[in-house]
Amino acid sequence: MTDSSVGQISTWRAFTGTLKRDLLLVFRRRSDIVNPLLFFSIAVTLFPLGISPEPEFLSNIAAGVLWVCALLATLLSLDSLFQQDMADGSLEQLVISPHPLFILVLSKVLVHWLVTGLPLTLLAPLLAVMMFLPDEGFGTLFITLLLGTPTLSLIGAIGAALTVGLRKTGVLLTLLILPLYIPILIFGTGAVMATSNGMAVGGHLAILGAMFLIALVMAPLAAGAALKISLNG
Amino acid sequence: MQELLSGQNLACERDDRLLFSELSFSLSCGDVLQIAGPNGTGKTTLLRMLAGLLPDYEGEICFKGQPVLEDPERFRENLLYIGHHPGIKLNLTPEENLRWYQALYRPASAEQIHYALARVKLTGYEDVPCYTLSAGQHRRVALARLFLHPAPLWILDEPFTAIDQGGVKEIEQLLADHARQGGGVILTTHHNLSLPAELKVITLGQSRQQKESFHEKDSQLNTEQVTEQDPFTVDQRGEHD
């Protein structure tokens, strides 16, 4: 009943508690993980079928196709990031909890990456085999996706937070977020292409890493502020 | 008694409609404050404002004499807010739901959580997913937090929604106990509260109604303008101690 009894509040526990709860929720609704992965595999598979199964042709477009499909799969999964929490009132509880909101947002984004970005990254080399990606490109593809997909989740969280209060998000989220995704796409595919052509990729990776770090610092703050605005509406 | 929460000249406008203005109140330790009024007069908005969910409001809210905006973390540590939506995840069990809340505030052992669930008559439902429970039981899961979280200030939006009569009595008793131990409660409800302690009531939108009936006679008067003048009344229903 006194101030001292609440001294045991710990932001770290709030972070891990939210992480555990959201992972448990995803585990109970496994379709949330399967959907983006299914979209990713189907979309990539359609290219050889729809355009040309020629190995030379496919190996030229492999990096671009894999990256574009991974990006769209992430985009499709963003809608649900805060929507459930908004509908059942637990988003309000997150906002008025005695912790910095960006920490809790970060924990939700981490869950999003663990269930979409990470599986996409792990699946990509398999699909790259089908797309005849040159052997040298595999390592780079994996690293660029490993650096790029968390950035996609982080930036996407800002858009998801801004649109969560709207009754119909529709195409707005895509319009808001897609322009911000384009630099990641350019440097991601650029790096894979460069390795395939035997060029150095250090610069590409450094820029992808820098974008990840900036997003890691800024995006949770921006998404937190956006959530407060959305709750106000 | 020490002052717990106070509001000075609070005003709120939503969609170009003035809900209330010049609203001042003071909640001391041991008080139960009921926000009353017809639907759509801003009860929930006022509670959300007090809980810190509406950042842009007019007026000043002080917690223990200090403006809330100066130290929001301290205020939030001392606040338990249960909103219009109970904040319960349907795919989780009541125990898992409460465990998350306790991770945000104070950790609780499984025994403490089971005790809290027993107090809201949910023994035997600890491990079933919440989507199998009824609306009243969802509300009860949320109310179980009252037994787990030792915050002095409770802000409860319609805590009795979908709760049966026996449950309402128990919660009233709980509110009275909390007030007697020096806590403060602000709630909205359409029930007639029967509390052993003194109950303060703020009625929103009352004068508007009175003025509206007046307005029918004199069609030149604008109701919007009238509400700005005196949109609330505070009366103290001293129901013995």
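## Overall organisation of chain B

In this predicted model, chain B contains eight helices and 10 strands. The chain has 241 residues, of which 42% count as buried. Among the contacts in chain B with a separation of 6 or more, 70% join residues 24 or more positions apart.

Chain B is divided into domain 1 (3-78 + 151-237) and domain 2 (88-150). Between the two, 10 residues of domain 1 are in contact with nine residues of domain 2. Helix α6 (residues 165-180) of chain B supplies three residues to the side of domain 1 that touches domain 2, the largest share.

## Annotated spans in chain A

An unreviewed UniProt entry annotates "transmembrane region" over residues 33-51, 57-78, 110-133, 139-164, 171-193 and 205-227 of chain A. The span 57-78 of chain A is 100% helix and 0% strand in the model, and its end C-alpha atoms lie 32 Å apart. For residues 110-133 of chain A, the values are 88% helix and 0% strand, with 29 Å between the end C-alpha atoms.

## Helix α8 of chain A

Helix α8 of chain A (residues 172-196) has 25 residues. The distance from its first C-alpha to its last is 36 Å, close to the 36 Å expected at 1.5 Å a residue. A bend of about 40° occurs in α8(A) at A:L178, and a proline, A:P179, follows within four residues. After α8(A) comes A:G198, whose phi is positive, near 75°.

A:G190 is placed in helix α8 of chain A. A:G190 counts as buried because 20 other C-beta atoms lie within 10 Å, and a count of 20 or more is what burial requires. The C-alpha atoms of A:G190 and A:H204 are separated by 7.1 Å, and the two residues are 14 residues apart along the chain.

## Helix α9 of chain A

A:H204 is also one of the buried residues of α9(A). The 31 residues of α9(A) should span 45 Å at 1.5 Å a residue, and the end C-alpha atoms are 44 Å apart, which agrees. α9(A) bends by about 35° at A:M218, and a proline, A:P220, follows within four residues.

Other buried positions in α9(A) include A:L208, A:M211, A:A215, A:A219, A:A223 and A:L227. Residues three or four places apart in an α-helix point the same way, because there are 3.6 residues a turn. The cover over the buried residues of α9(A) includes α4 (80-88), α5, α6 (101-130), α7 (137-163) and α8 of chain A.

## The interface and the nonpolar core

Which elements of chain A give two or more residues to the side that touches chain B? In total, 27 residues of chain A are in contact with 32 residues of chain B. The elements are α1 (11-28), α5 (90-95) and α9 (202-232) of chain A. α1(A) gives eight residues, the largest share of that side.

The largest nonpolar core has 125 residues, and the members that touch the most others are A:L66, A:A70, A:A157, A:A161 and B:I155. Both domain 1 (3-78 + 151-237) and domain 2 (88-150) of chain B give residues to this core, so the core lies between them. Not counting residues up to four places away in sequence, A:L66 touches A:V44, A:A124, A:L127, A:A128, A:M131 and A:L141.

## Local backbone features of chain B

Most residues other than glycine have a negative phi. B:N9, which is not a glycine, has a positive phi of about 50°. B:N9 lies in strand β1 (residues 3-14) of chain B and counts as exposed, with 11 C-beta neighbours inside 10 Å.

B:E158 likewise has a positive phi, near 50°, and is a residue other than glycine. Is B:E158 buried or exposed? B:E158 is buried, because 20 other C-beta atoms lie within 10 Å. The loop between β7 (153-157) and α6 of chain B holds B:E158, and B:D164 is placed in the loop between β7 and α6 of chain B as well. B:D164 is exposed, with 12 other C-beta atoms within 10 Å. The C-alpha atoms of B:D164 and B:T132 are separated by 18 Å, and these residues are 32 residues apart along the chain.

Conventions. Residues numbered from 1 in each chain as written. Chains lettered and ligands numbered in written order. Predicted model: local features only at pLDDT ≥ 70, side-chain atom pairs only at ≥ 80, totals over all residues. Contact = placed C-beta atoms within 7 Å. Expected span 1.5 Å × (residues − 1). Bend = angle between axes of the 7 residues up to and from the residue. UniProt positions renumbered as here; feature names shortened; annotations may be inferred. Core = buried A, V, L, I, M, F, W, Y, C linked by C-beta atoms within 7 Å. Domains from an automatic or database assignment.
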